[in-house]
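Colleague: I am new to this structure and would like to learn how to read it step by step. Could we begin with the way its helices pack?

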Amino acid sequence: MLFLKILKKYKISILIYVLTFFLIGYFITDYFYNENYSYYVYQFKTESLSIDKFIDKEEYKKVFSYIDEQNKLSETDSTIKKISYAKIDYEKMLEKSTIRKTEEGLELSVQKKYFPSIASSKSGANKGENRVKNYFTLVFSHLEPSIEVQSVQLRYYKNPFSIGGIVAGSSFLLLGLVIGILIWFNKIEMKEEIEDNHTVFKSVFHLGYWKESISFMKNVKNLCTISILFSFMLLCKLIPIPSGFGSLGIGFTYLFFATICLIYGPICGLFIGFCSDVIGYFIHPSNVFFLGYTLDAMLSGFIYGLCFYKKRITFANCFIARFFVNIFINVGLGSLWWKILYKLNFEAYLAYMGLTSFPKNVLYLLPQSILLFLVIKALSKPLTSFGLIDQKISENIGLF
């Protein structure tokens with residue numbers, strides 16, 4: 001059966017596809033939805049009958065003013081111990097906080113987003129439950145000395161693992177449905193392997209492949225084509241689109257970058273990656289020049305070349321190329337360079353990687369892969385007519 005043949009042959013690509021959707025579902029639920037709808041429940045007992053003061057903003061203001069005054073005195077008086085506490089926007093936090101009486105005592109509910117788990121240089125991890133406990137125990141001990149803490153629990157509104165599994169399963173069923181419909185209407189078929197020769201290679205582990213790749217500067221035509229596509233790359237660098245993830249933007253530079261690597265290979269990709277980062281800095285000097293980002297650009301070009309140069313063009317290859325660029329280069333190396341460049345501590349580094357870089361790159365992975373596949377497919381015929389890619393490649397474009 002053709003459907004089962006496709007699943008068997010491209011099981012690794014499909015596994016990456018399903019895993020990506022699981023991560024999308026997980027991170028959207030955990031870092032966006034649950035941030036507002038999941039709560040830490042701080043359970044405690046007190047002899048006081050007035051419970052309103054435990055969510056009174058003015059009471060918190062008095063407590064922290066007193067602590068700050070004591071901390072200032074501790075700088076000159078060694079007998080006074082300095083008190084450290086989490087810098088939480090307590091006014092906004094208390095707007096959504098609730099407190100109620102139970103048979104066991106009192107329960108204070110506070111939104112999860114104000115107390116995320118963070119990295120700790122001493123214990124390895126400082127869980128949100130511990131941060132909640134330390135924070136409110138500190139505040140309440142000033143409001144009511146007879147406070148008795150019982151427990152702190154995180155109550156998920158939605159379980160991110162369950163939602164991630166549902167999204168991954170749904171995406172797999174949708175993929176199967178699309179493949180089934182295309183097979184039904186005879187729009188998809190398993191392409192026969194192209195003969196391995198000097199124009200198309202089955203594997204990059206071939207001496208001829210690298211000999212062809214090194215020859216990208218052998219004539220004026222190649223240099224002119226590279227220059228034209230390279231100019232479009234630089235123009236795209238000047239038009240970033242906000243992504244909603246901090247300072248990270250969305251760009252279309254990768255489309256022209258991938259096209260250059262499709263035509264001229266991984267060695268050219270290294271060269272163009274270096275030039276685009278260095279020249280791009282001089283054109284747009286407000287950007288920060290850092291050799292780590294130059295390495296990222298070079299490795300991206302190398303990956304595009306390995307995935308597209310003198311090989312069959314498939315959506316699976318586009319997805320794999322973007323997966324390695326997004327996850328390993330943008331998230332892995334990019335976050336590391338950000339830490340080094342701005343001298344971030346480990347806590348800030350993990351926060352940037354986990355809350356900004358990783359969610360952005362995972363969410364945009366599939367749309368970027370689809371757009372890349374559609375652009376390359378649209379360009380394949382013109383590129384063939386200009387003699388830039390082999391006709392066998394343009395005639396054998398497929399999803400898998």
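Modeller: Since this is a predicted model, we read every value as computed from it, and we can start with the contact between H12 and H14, where Phe315, Cys318, Phe319, Arg322, Phe323 and Asn326 in H12 meet Leu365, Leu366, Gln368, Ser369, Ile370, Leu372, Phe373 and Ile376 in H14. Sorted by class, the contact of H12 with H14 holds 10 nonpolar, three polar and one charged residues.

Colleague: How is the geometry of such a pair described, and at what angle do the axes of H12 and H14 cross?

Modeller: Two packed helices are described by the angle between their axes and by the distance between those axes. Here the axes of helix H12, residues 315–341, and helix H14, residues 365–385, come within 9 Å and cross at roughly 135°. Because of that angle, H12 is oblique to H14, and H12 passes H14 in a right-handed crossing.

Colleague: Which residues make the contact between H9 and H11, and how do H9 and H11 pack?

Modeller: Helix H9, residues 253–264, and helix H11, residues 291–308, pack at an angle of about 55° with their axes 8 Å apart, and they are therefore oblique to each other. The crossing of H9 and H11 is right-handed. On the H9 side the contact is made by Tyr254, Phe257, Ala258, Cys261 and Leu262, and on the H11 side by Ala297, Ser300, Gly301, Tyr304, Gly305 and Phe308. By class, the residues of the contact of H9 with H11 divide into eight nonpolar, three polar and no charged.

Colleague: Is H10 oblique or roughly antiparallel to H11?

Modeller: The axes of H10 and H11 come within 7 Å and cross at roughly 150°, and since angles over 145 degrees count as roughly antiparallel, that makes H10 roughly antiparallel to H11. The crossing of H10 and H11 is right-handed. The contact is made by Pro266, Gly269, Leu270, Gly273, Phe274, Ser276 and Asp277 of H10, together with Tyr293, Thr294, Ala297, Met298, Gly301, Phe302, Gly305 and Leu306 of H11. These residues of the contact of H10 with H11 divide into eight nonpolar, six polar and one charged.

Colleague: Where is Lys310 found, and what is the phi of Lys310?

Modeller: Lys310 is found in the loop between H11 and H12, and its phi is near 55°, a positive value in a residue other than glycine. With a relative accessible area of 16%, Lys310 is buried.

Colleague: How many helices and strands does the protein chain have, and what share of the residues in the chain is buried?

Modeller: The secondary structure of the protein chain comes to 15 helices and six strands, and buried residues make up 45% of its 400 residues. Among contacts in the chain between residues at least 6 apart in sequence, 75% join residues at least 24 apart. The accessible surface of the protein chain comes to about 21900 Å², of which 62% belongs to carbon and sulfur atoms.

Conventions: Residues numbered from 1 in each chain as written. Predicted model: local features only at pLDDT ≥ 70, side-chain atom pairs only at ≥ 80, totals over all residues. Heavy atoms only, no water. Axes fitted to C-alpha atoms, helices over the stretch in contact; angles between N-to-C directions. Helix = DSSP H or I, 4+ residues; strand = E, 2+ residues; numbered from the N terminus. Parallel < 35°, antiparallel > 145°, perpendicular 65-115°, else oblique. Left-handed = near helix turned anticlockwise from the far one by under 90°. Contact = heavy atoms within 4.5 Å. Nonpolar A, V, L, I, M, F, W, Y, C, P; charged D, E, K, R; others polar. Buried < 20%, exposed > 50% of the residue type's maximum accessible area, 1.4 Å probe, protein only. Areas by Shrake-Rupley, 256 points an atom, 1.4 Å probe, with all protein chains shown as cover.
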